[in-house]
Amino acid sequence: MDKQFHHCAGLTPDDVAYLKRIACGAPLTADISRADVLVCCLLAPDRALVALHVMPVSTPSLYPEEQTGRTFSPMEQPLIFRALTSGSGGRRQREIIRHGAPVFQDVFPIHHEGADSPHRRGNDDSGRVIAAMVVETSMIAHERQKRRNRDFRRAVVWLQEMSVRGVLEDADQLSRFGQYDGVYLVNHHRTISYMSGIASNLFRTTGVVIDAVGEQVSILEAEDARLVERAFANGRCIEARAESPDGRVWVRKAVPIRAPTANWLHRWLARPWYGAPRAPQSGAVHVVLVMVHNATEAVQKQRELNVKSAIIQEVHHRVKNNLQNIAAILRMQARRATNEEIRRPLLDAVNRVLSMAVIHEFMSHDEHRAINLRDVCQRIASQVMDIASQPDREVHIQVQGPNLRLPANQATPAALMVNELVLNAVEHGVGSRSCGRVDIILNDLGDAIELTVADDGLGLPPGFNPLLHGSLGLQIVRTLATDDLKGTIRLTSQALTAAATAIDAPIVNTNDNAVAGNVGTRAVVTFPKRPLGVD
């Protein structure tokens, strides 16, 4: 929106700030008017821009997509150009047919006090014209509006006037007014002058069975009376959520509305019925529009989801504890084993179980939260170092790269794959040496992730083919990388003149760019990202 306003000709920073205030009230205006609201400004004498387009939530939009950024000529929109150049608004029925019905277009010039501008001044000289607000209503919505209560129709026009002047305080703090929300109007005598059918049905469920129009607002619930009084007192839009003892949850939004000045009415259209007796004090609130949304079903569903989520998190927590117990039993068995051929597979199994436990630990905090792959790698590195480091051998494992967040269905196979690659690097890269190093390198490729596990060992043996000589660990890695993550994996050995071995294809030679000074084996896995919402 800011970028669009800055494209407009002759607008000062104060003008842009003023238009931003108007934009804050545009969603409320669109929903209550049941119309599309557009703010247009001049780009050139013969070209104008739609700087802002707000689609209504309370009724289907006239447009299949947002029109912000669209330009048009005086021939296409003569009424808008007249408002922008002469300060005269008005109404016309557009000849363009949308969804089989004509469109009614109301245009309001936006005036702003300020220094001289290339725009001409309006006839009332109340300020230069910097833009125009356009309210476009379908024929069906227009006819429905004509049949509504006169006080409500008048309040809608007053609301549009306040929106044009940017005086709908805190309107941007309100949630949108939906198609199935109720609305009623209270005048400064605290009398209900209009109530929609939806609002009447809502209050009928609370015991208000009489026609509320003409009655004091106090016949409704206490929350309604308190909200209306607050709106009359402070003149700002207010939203409040209240839950009754029977579990009913309603969200009420109060919009204080002031009657416009006679100058504004003359500036737009001379329609005498829009006039009304002034509020008791000059500038005071004349009526308050209250919108009522029944959020009971949505709140109950959310609470049920919260309970289910808490149960699932507890399940993850218990699974994590059980996996850690299994790992502890396997570790005890490995310590008692005297045969290295038995001890080594048990320790490998311990690491595999713990790598799965890491994922369940992250998911026990929030099952819907994306899992940070860097944190997972760091935890796996710590676990492997605890097992691999011995009094006569020191293993250093470092994690490098940015934070990369994955959904659980990618984080789980990625964690198992990292665990296998690190174990393989420790077993074959560090081997029997007294000191060794393993690096886990993460790289964000935009729509894919590159994961590298590198060691400083002697590299792959001559003629090594993972399809023929691959261990159980490499078979697990290959399955996880290609089947689960839908990616690719390759092994490169710097000791063999940068020859690269693809794990799912015959050996081929490539010119991979190796890290300076890195000698040993590098396993590089590349896999596409998945949407974080997919789990």
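Start by selecting S15 and strand S16 (residues 448-455): the two pair in the antiparallel sense over seven bridges. Strands here are DSSP runs (E, at least two residues), as helices are (H or I, at least four), numbered from the N terminus, and two strands pair if DSSP finds at least two bridges between them. Before going on, note that this is a predicted model, in which local features need pLDDT of at least 70 and side-chain atom pairs count only at pLDDT 80 or more, while totals for chains, interfaces and linings use all residues. Residues are numbered from 1 along each chain as its sequence is written, and side-chain values use heavy atoms, with hydrogens and water left out.

Staying with this pair, pick Val438 and look across to Asp455 in S16, which stands opposite. S15 and S16 form a hairpin with three residues between them. Click on Gly446 in the turn, where phi is positive at about 95 degrees.

Next, move to the open sheet of five strands, ordered S8-S7-S11-S10-S9 with antiparallel pairing. Its edge strands, each pairing on one side only, are strand S8 (192-195) and strand S9 (238-243). From one strand to the next, the twist averages 20 degrees. Inside the sheet, select strand S7 (residues 182-187) and strand S11 (residues 287-294), antiparallel and joined by six bridges. Asn187 stands opposite Val287 in S11.

Keep the sheet on screen and show H5, which packs on it and touches S7, S8, strand S10 (249-257) and S11. The direction of H5 makes about 70 degrees with that of S10.

Finally, bring in helix H2 (residues 13-33), which packs with helix H5 (residues 150-165) at an angle of about 160 degrees, the axes 7 Å apart. Axes are lines fitted to C-alpha atoms, for helices over the stretch in contact, and angles run from 0 to 180 degrees between N-to-C directions. H2 and H5 are therefore roughly antiparallel (the term covers angles over 145 degrees). To see the contact (heavy atoms within 4.5 Å), colour residues of H2 including Tyr18, Arg21, Ile22 and Gly25, and residues of H5 including Val156, Leu159 and Arg165. The contact residues divide into eight nonpolar, five polar and two charged; Ala, Val, Leu, Ile, Met, Phe, Trp, Tyr, Cys and Pro count as nonpolar, Asp, Glu, Lys and Arg as charged, and the others, Gly among them, as polar.

Definitions and conventions: Parallel < 35°, antiparallel > 145°, perpendicular 65-115°, else oblique.
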